[in-house]
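Hello,

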Amino acid sequence: MGMFSGGLREALGARLEKSRSLLLIGDSEQAFEAAAPFIEAVGRRFERLRIVLSGPPELRDRLQRRFPEALTHAAPLPLLSTCRRFVRNGGFRSIVALDDVRLPRAMITAVG
């Protein structure tokens with residue numbers, strides 16, 4: 001439940017603008033640290049790809065400091081219309097759910 005708290009505008013994808021993006025969703029600092037080599041390698045290899053990290057509000061400040069080139073963002077509300085808008089606004093090429101996250105059915109449907 002923690003990954004869905006945050007501002008409503010942000011949860012609707014208001015901070016996102018269409019761009020080629022990669023979204024990583026996680027619920028713990030350990031999950032993002034385990035993914036750090038991947039995040040850094042993707043950032044080096046695909047410089048024009050925007051990396052978006054989504055986690056609980058209390059984690060996003062630490063993620064922004066740890067990965068300054070990435071954008072931290074709230075996850076969408078677990079509603080199909082919200083998830084569709086979020087995916088559309090973000091221009092996501094891929095969405096990666098880190099090992100500690102179970103994506104809601106609405107997000108899986110929106111991506112599919």
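How many salt bridges does a search of the whole structure find? The search finds three, where a salt bridge is a side-chain nitrogen of Lys or Arg within 4 Å of a carboxyl oxygen of Asp or Glu.

Before the details, please note that this is a predicted model, in which local features need pLDDT of at least 70 and side-chain atom pairs count only at pLDDT 80 or more, while totals for chains, interfaces and linings use all residues. Residues are numbered from 1 along each chain as its sequence is written, and side-chain values use heavy atoms, leaving out hydrogens and water.

Let's start with Glu29 and Arg62, whose side chains form a salt bridge at 3.2 Å, N to O. This pair links distant parts of the chain, 33 residues apart: Glu29 lies in helix 2 (residues 29-45) and Arg62 in helix 3 (residues 57-66). Helices here are DSSP runs (H or I, at least four residues), numbered from the N terminus.

Next comes Arg66, which meets Glu33 in a salt bridge at 2.7 Å, N to O. Here too helix 3 is linked with helix 2, through residues 33 apart. Arg66 also forms a salt bridge with Glu40, with 3.0 Å between the closest N and O atoms. Glu40 sits in helix 2, 26 residues from Arg66 in helix 3. Through shared partners, Glu33, Glu40 and Arg66 are joined into one network.

As for accessibility, Arg66 is partly exposed at 32%, and so is Glu40 at 33%; partly exposed means between buried (under 20% relative accessible area) and exposed (over 50%), with a 1.4 Å probe and protein chains only.

Best wishes

Technical notes
Helices (H or I, at least four residues) and strands (E, at least two) are DSSP runs, numbered from the N terminus.
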